[in-house]
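Please open the model in a viewer and keep the selection panel at hand.

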Amino acid sequence: MLQVLKRSNAVLLIALACLTLLLAGCGGKETANQGSTTAPSPSPNSTEEATAAATRLITDDLGRELKVPTAPKRIVAAEFSSELLALGIKPIGAGDNSFKIVYTFDEMNDVARIGDPPSSEVIVELAPDLVVAPTVFLDIYPEQMEQIEKISPVYYISFEQDPIYGIFTKLANLVGKDQEANAWIKEYEQEAATARAALKDALGEETVTIFRVEKGRLRIYLNRNFAGYMLHSSLQASSPEAVAAEIEKNPFGSAIEISLEMLPNYAADHILLIVRDEGEDQDAFEEIEQLELWKSLPAVQNGHVYKLETDKYYGSDIITIRETMKETAAMLVEGAKQP
């Protein structure tokens, strides 16, 4: 009986030992499985959402530090839409001036108009993650900009800087498109070098100036809008001393208003003229054409007055600069050939 009991206990002990080993093996396998488990790979959509949600700090031209998206997807451009388009980004909304630019008009057909002054009601419906605006908007539209700043981060950019190497490169950095900007600038510089060389060969040291006739106002354009930057910076055309002095005082000034009697001091060997084809501005120019002062200008006597298309030359954006640069160079080179 005792032997049977001992044998039974031995069997029981062996069974318990096997069970313990079996459980240990299962537990080890489970632990091993848990240790080798990997998190599922994020879906493309979740990756894009994470990127869009990421932010960084950046300083605008007002010296304000802003928290902005690293990859903004919904941008409202109160100005600077052409610069964004050059970077491959279409804004979801834009100010009125953006729809006056001939060279990008077709690309703006499905972009919402935010008005001028910009409408906070329209912008809130667009739900942007970033707004870009010129610093002058704070002076001329303070109430509107205060409301817009409550909707989205607003990155302010000053017009008082180089439109290509200042404004454009800052916008590119803002939206993470530095490489695209560098490629655009490289192509522009190649075209500018070609145009300058052709112009230099054709004109030598002869001067070029650009002015606009309006009803009751005569303006000389400097180094910014209405072809000013294109002429003086891109083409680096020689200027009359009076114009060069104004640009030196204000490197990125827009224009100065002069009296008709002052025109001979600012007129050049070649004159680029901006005047509307009809209406009061055209009437004013027709009156000027009859004056002996106008007829005595060397550019007029030599047939070197070139009338520009007002709408085409309106913009101060980089695309207008680049396209009008090539057109103007060809125009002046051809004009220089005329006897």
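Begin by selecting Pro117, which sits in the loop between strand E5 (112-113) and helix H4 (120-126); helices (H or I, at least four residues) and strands (E, at least two) are DSSP runs numbered from the N terminus. The model is predicted, so local features need pLDDT of at least 70 and side-chain atom pairs count only at pLDDT 80 or more, while totals for chains, interfaces and linings use all residues. Residues are numbered from 1 along each chain as its sequence is written, and side-chain values use heavy atoms, with hydrogens and water left out.

**Backbone**

Next, select Phe80, in the loop between strand E3 (75-77) and H3. Phe80 is a residue other than glycine with a positive phi, near 70°. Most residues other than glycine have a negative phi, and most peptide bonds are trans.

**Helix packing**

Now display helix H8 (residues 178-203) together with helix H15 (residues 318-336); they pack at an angle of about 20°, with axes 9 Å apart. Axes are lines fitted to C-alpha atoms, for helices over the stretch in contact, and angles run from 0 to 180 degrees between N-to-C directions. H8 is therefore roughly parallel to H15 (angles under 35 degrees count as roughly parallel, over 145 as roughly antiparallel, 65 to 115 as roughly perpendicular and the rest as oblique). The crossing of H8 and H15 is left-handed, meaning that the near helix is turned anticlockwise from the far one by less than a right angle; clockwise would be right-handed. To see the contact (heavy atoms within 4.5 Å), select residues including Trp184, Tyr188 and Leu199 of H8 and Met325, Leu332 and Val333 of H15. By class, this contact of H8 with H15 comprises 14 nonpolar, no polar and four charged residues; Ala, Val, Leu, Ile, Met, Phe, Trp, Tyr, Cys and Pro count as nonpolar, Asp, Glu, Lys and Arg as charged, and the others, Gly among them, as polar.

Keep H8 and show H7: their axes come within 8 Å and cross at roughly 155°. H7 is thus roughly antiparallel to H8, and H7 passes H8 in a right-handed crossing. Among the residues in contact are Ile164, Phe168 and Ala172 of H7, and Ala181, Trp184 and Tyr188 of H8. The contact of H7 with H8 has eight nonpolar, two polar and two charged residues.

**Pocket and cavity**

Helix H3 (81-86), helix H5 (136-140) and helix H7 (163-174) each supply at least two residues of its lining.

Finally, turn to the largest cavity, which holds about 40 Å³ of space. Residues lining this cavity include Arg224, Phe226, Tyr313 and Thr324, and helix H9 (228-234) and H15 each supply at least two. On a 1 Å grid over the protein atoms alone, a cavity is a set of points where a 1.4 Å probe fits but cannot get out, and a pocket is an open set with protein on both sides within 12 Å along at least five of seven lines; lining residues have an atom within 4 Å of a point. Grid points are joined across faces, edges and corners, and a volume is the space filled by probe spheres set on the points.
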